Amino acid sequence: MVRRPVAWVVAVVLFAEAFGVAAVNWFLGVVVDRQDMSLAGLDPDVMSTSSKIGGIVFGLYFAFCGLVALLVALRNRPPAGFGRILLISAAVVHGLLGAFAWGLLGWVQFLFMMVVLALIVLLLMTYDRLPRTAADEAPEDAPGDGGSPLTPPPAPSAS
C-alpha cells in the first residue's frame, strides 16, 4: 500500500522545508541587520526582527504540518480534526507559493511546490476511505430487520 510511504515522504519534505524557510528568513534578517539602509523609511532593526520572527513562525507552521504527517505515518490512520485542517491549509499554501514561484522565481521552484502540493493531496486522499471489513459488506436489508432505515417499521395490528 502506498499510504504510509507517502506519509513518510510528506513528513520528511515538510521538516526539510520548515528548516529551509526558517534558515532563509533568518539569513535575510541578518543581511538586513548588517546594512545601514532603510527601505521607504522603515527601520532596519524592525525589518530584521520581523524577518526573523516570520521565519520562525512559518518554520514552526511547516514543522507542525510535518509532525501531523509523521503521526499519520506512524499510526497508519487518517489525520482527523485540526491535523486534517492543518494539512489542507498546507496544501493551499503550497498552491499559492507555487503560483508566486512561477512568476517570480521560475519553473523549477514552481515544480517543487507542485510536487509537495501533490504529495499532501495524495496523503489526504489515500486516507479518505477506510478499508471495508466483512461486517461492512453484510447486506443491509436482511430478513427480519424491519426494512430500510428510511422506511418506518410496520404499524402494529389491532387484533
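Predicted model: local features only at pLDDT ≥ 70, side-chain atom pairs only at ≥ 80, totals over all residues.
**Pockets and packed helices**

Biologist: Which helices each supply at least two residues of the lining of the largest pocket?
Modeller: A pocket here is an open set of points on a 1 Å grid where a 1.4 Å probe fits, with protein on both sides within 12 Å along at least five of seven lines; lining residues have an atom within 4 Å of a point. Helices are DSSP runs of H or I, at least four residues, numbered from the N terminus. Those that each supply at least two lining residues are α1, α2 (44-75), α3 (82-104) and α4.

Biologist: Okay, which helix gives the most to the lining of the largest pocket?
Modeller: The whole lining is E17, V21, F58, F62, L97, F100, A101, L104, L105, Q109, F112 and M113. Four of these residues come from the top contributor, which is α3.

Biologist: How many residues of that lining are nonpolar?
Modeller: Ala, Val, Leu, Ile, Met, Phe, Trp, Tyr, Cys and Pro count as nonpolar, Asp, Glu, Lys and Arg as charged, and the others, Gly among them, as polar. In the largest pocket, one lining residue is polar and one is charged. The nonpolar count is 10.

Biologist: Where does the largest share of the lining of the second largest pocket come from?
Modeller: That pocket is lined by F64, V68, L71, V72, R75, R77, P78, P79, A80 and G83. By class, seven are nonpolar, one is polar and two are charged. Five residues, the largest share, come from α2.

Biologist: Now the packing: is α3 roughly parallel or roughly antiparallel to α4?
Modeller: Their axes are 8 Å apart, and they pack at an angle of about 160°. That angle makes α3, relative to α4, roughly antiparallel.

Biologist: And how far apart are the axes of α1 and α4?
Modeller: α1 covers residues 3-34 and α4 covers residues 107-126. The two pack at an angle of about 140°. Their axes are apart by 9 Å.

Biologist: Which residues of α1 make the contact with α4?
Modeller: Contact means heavy atoms within 4.5 Å. On the α4 side, F112, M113, V116, L119, I120, L122, L123 and T126 take part. The α1 side has R3, V6, A7, V9, V10, V13, L14 and E17.

Notes: Residues numbered from 1 in each chain as written. Heavy atoms only, no water. Axes fitted to C-alpha atoms, helices over the stretch in contact; angles between N-to-C directions. Parallel < 35°, antiparallel > 145°, perpendicular 65-115°, else oblique.
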